[in-house]
Amino acid sequence: MPFALYLLGLAVFAQGTSEFMLAGLVPDIARDLGVSVPTAGTLTSAFAVGMVVGAPAAALLGRRRPSRQSLLVFLGVFLAAHVVGALTSDFPVLLATRVVAALANAGFLAVGLTAATGMVAPDAKGRATAVLLGGTTLACVAGVPAGAALGQLLGWRSAFWAVALVSAPALVAIARSVPRGPAAGGPVPGAGTELRALRRPRLLWVLGLAALVNGATFCTFTYLAPLVTEVCGLGAGWVPGVLALFGAGAFAGVTAAGRLADRGVRPVLPLAGVALLAGWAALALAAGRPGVAVALVPVLGLLAFGVGSTLVTRVLYEAADAPFLGGAFATSALNVGAALGPALGGFALDGGLGHRSPVWVSALLVAVAGLVARCRPRRPEQPV
């Protein structure tokens, strides 16, 4: 894999830390800013909504611009948004910074996915995607627990400052190492051509599955900290470690999925989907038993991110004739789920259903994905 891919992964690490770190900071933000935990949880949904809107818009704007220029602009805006977020004491302002950061993150990831797959052979898209998304999973392993630990020691604002500091060297590295040319080599297809390609039923089907699976992942992950403390009965000091376990499983899942997706191993998705459904249900039932619950966390990280990463790769293969908007729509689909999941989990909490309820919502979303998977549009030349 080209070295520049790993530099893009460093930037995605900073962005993934920002997106996921709220799983360990939501209770502290709620107390500090005087809002409820579900209201603070909307910071995650707001970030996801910004990414849903930002990815296609950024991809359209950057289609004919050098990839390095676009990546630097997006990462610079992302950094600035975190500085403002770290300084504000007003929840609506913090919410606005999350949307701005998400728009920038969406643009970076959409261009980054296209640039990454353009740097490798046509049959290596899965491995290139795994390198890029590996930054996200490493954020779960190291960045998110570190952010949670910083939040407990120095307050939640310190985690925002840390993201800004990590983003700064990524800016320098991208400026020096990412190629100057367009995000994808060869002639640039017209926007209308790409949009028509993205209307194919099979592609829309894969995008829908990606949204549902990621919604399940984010529903539980956003409220994992209160699940650990309120249901498992563990102290707040356990939260960073549990988040790290989830991230370690996620990294393993993305790494394995990158290789399997390139090989087109057909049984992987249905088998992993069944296991993921069983895993969410098992966590909901066993959350009151700390040992069992903690043991399930890395397994669910592996399954959730493994299935999600495989679906992203399938989107990129299905959208081969839409090189710019394919990555953008994959990003949007993931974040439709990332917005939907925490919102549904928040509704369940507000409805008095208890801290296990987001996990049951995750199981329900995966079950719906299983039903959608049975309605696969036929396209015999490239099965999923």
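In which helix do tryptophan 156 and phenylalanine 160 both lie, and how many residues apart? Both belong to helix H7 (residues 156–177), where four residues, about one turn of the helix, separate them; helices here are DSSP runs of H or I with at least four residues, numbered from the N terminus. The structure is a predicted model, in which local features require a pLDDT of at least 70 and side-chain atom pairs count only at pLDDT 80 or more, whereas totals for chains, interfaces and linings use all residues. Residues are numbered from 1 along each chain as its sequence is written, and side-chain values rest on heavy atoms, with hydrogens and water left out.

A search of the whole structure finds three aromatic pairs, a pair being defined by ring centres of Phe, Tyr or Trp (its six-membered ring) within 6.5 Å, with planes under 30 degrees apart counted as stacked, over 60 as edge-to-face and the rest as tilted. One of them, formed by tryptophan 156 and phenylalanine 160, is edge-to-face, at 5.4 Å centre to centre and 80° between the planes. Tryptophan 156 counts as buried because its relative accessibility is 3%, and phenylalanine 160 counts as buried because its value is 1%; buried denotes under 20% relative accessible area, computed with a 1.4 Å probe on protein chains only. Phenylalanine 221 and phenylalanine 246 form a tilted pair, at 4.9 Å centre to centre and 40° between the planes. This pair links distant parts of the chain, with phenylalanine 221 in helix H9 and phenylalanine 246 in helix H11 (residues 239–263), 25 residues apart. Both phenylalanine 221 and phenylalanine 246 are buried, and together with Phe305 they form one aromatic cluster.

The largest pocket holds about 560 Å³ of space. A pocket is taken, on a 1 Å grid over the protein atoms alone, as an open set of points where a 1.4 Å probe fits, with protein on both sides within 12 Å along at least five of seven lines, and lining residues have an atom within 4 Å of a point; the volume is the space filled by probe spheres set on the points, which are joined across faces, edges and corners. Of its 21 lining residues, Leu269, Pro270, Ala369, Gly370 and Ala373 are the closest to the centre of the pocket.

Confidence, expressed as pLDDT from 0 to 100 for each residue, has a mean of 81 over the chain, with 84% of residues at 70 or more.

Definitions and conventions:
Helices (H or I, at least four residues) and strands (E, at least two) are DSSP runs, numbered from the N terminus. Buried means under 20% relative accessible area, exposed over 50%, partly exposed in between (1.4 Å probe, protein chains only). pLDDT is the predictor's confidence in each residue, from 0 to 100.
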